[in-house]
Amino acid sequence: MSWKHSILGLIILAFLAAVPWGPLFAWSPVHPGYRQVQFSRADVLYTDSAALDPAYREIDRYVAVAESFHELKCSKKIKVVVCRNWNDCLRFAAPFLVGQRPLAVTVATGTVIFVTPRAAGWADIGGLLRHELSHAVLNQNRSLLSVLRMLRQPWVSEGVGGVVAAMGVTAPGRHLVSLPEAEFLSRATTEDLWASFAAAPQKDWRFSYTAWIYFWDRQIERSGNATFLRFERACFSDPQGCRSSFADVYGTDLRRAVDEFQAEVRSGRVVALERAVF
């Protein structure tokens, strides 16, 4: 056998291994060690050695919640992979985790969601799915370049995902990813909120995430969902111009809006959120 045939054989073997065992697992027709349950809007893959959290069986409803909020259609079926352990997760999703270990990650195409072992036992799976489905709905309706550029604007994409995450009842004994309201409001009276909006890297991601949620709840309550959607569409059309789009739509620059929000928190005018249902 020539060296060319040997190399070709190795490439074919590597590809075949990548389908059921590696980063092509979600797209493979076979899923060793995993069961698949099918719904109208999504399929869920989970380990055959553990029970499926009941929240996954609500996924069709959660897709509809995200679609309703964003006023966009999720035209492609979504596959959710509930990783058995970190070894599996790193084999299946390493290209999408980019060196991090989040609770979940949505692929840029909006068609695959990986749920990692970090979510096991404490996270509200319903809230986690609604957050990721917010990304999925937006990603399916935007260009890949736009989706990747929005990674530099977490105050929009992650904050809005948090708003959608909270549009449901938290399961008993489980928690949303955001900080408890009392803890956030106490810290926000002394910690500078603008730092959470000024750059993409975050010193305390969970604190920033909660700040973004409160901020967008404030904007939507004051200016309405239609105004927010006008901003969201402008922002995703030009991610690098999101701050300019905010000023154009809301009539004030982002820094001023955040400073006003901070002043409201410090004066006690911001209280525990009453979640809107869209």
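Which are the buried residues of H3?

1. Some ground rules to start. This is a predicted model, in which local features need pLDDT of at least 70 and side-chain atom pairs count only at pLDDT 80 or more, while totals for chains, interfaces and linings use all residues. Residues are numbered from 1 along each chain as its sequence is written, and side-chain values use heavy atoms, with hydrogens and water left out.

2. Now to the opening question. The buried residues of H3 are Trp86, Asp88, Cys89, Phe92, Ala93 and Leu97; buried means under 20% relative accessible area, exposed over 50%, and partly exposed in between (1.4 Å probe, protein chains only). Viewed down the axis of H3, these buried residues fall within an arc of 145°, so they line one face of the helix. That arc is taken from the directions from the helix axis to the C-beta atoms.

3. Helices (H or I, at least four residues) and strands (E, at least two) are DSSP runs, numbered from the N terminus.

4. Both ends of H3 deserve a glance. At its start, a side-chain oxygen of asparagine 85 comes to within 3.2 Å of the backbone nitrogen of asparagine 87. Just after H3, valine 98 has a positive phi of about 40°.

5. On to salt bridges: each is a side-chain nitrogen of Lys or Arg within 4 Å of a carboxyl oxygen of Asp or Glu, and the count comes to 15. One of them joins aspartate 88 to arginine 84 (2.9 Å, N to O). Aspartate 88 is buried at 3% relative accessible area, whereas arginine 84 is partly exposed at 37%.

6. Another salt bridge pairs glutamate 67 with arginine 41, with the closest N and O atoms 2.6 Å apart. Glutamate 67 sits in helix H2 (residues 59–70) and arginine 41 in the loop between strand E1 (34–38) and strand E2 (42–47), 26 residues apart.

7. Finally, glutamate 264 and arginine 222 meet in a salt bridge (2.9 Å, N to O). Glutamate 264 belongs to helix H12 (residues 254–266) and arginine 222 to helix H9 (residues 205–223), so the pair ties together parts 42 residues apart in sequence. Salt bridges with shared partners join Arg218, Arg222, Glu260 and Glu264 into one network.

Key:
A polar contact is a pair of N or O atoms within 3.5 Å; within protein, one must be able to donate a hydrogen and the other to accept it, and residues adjacent in sequence count only if both atoms are side-chain atoms.
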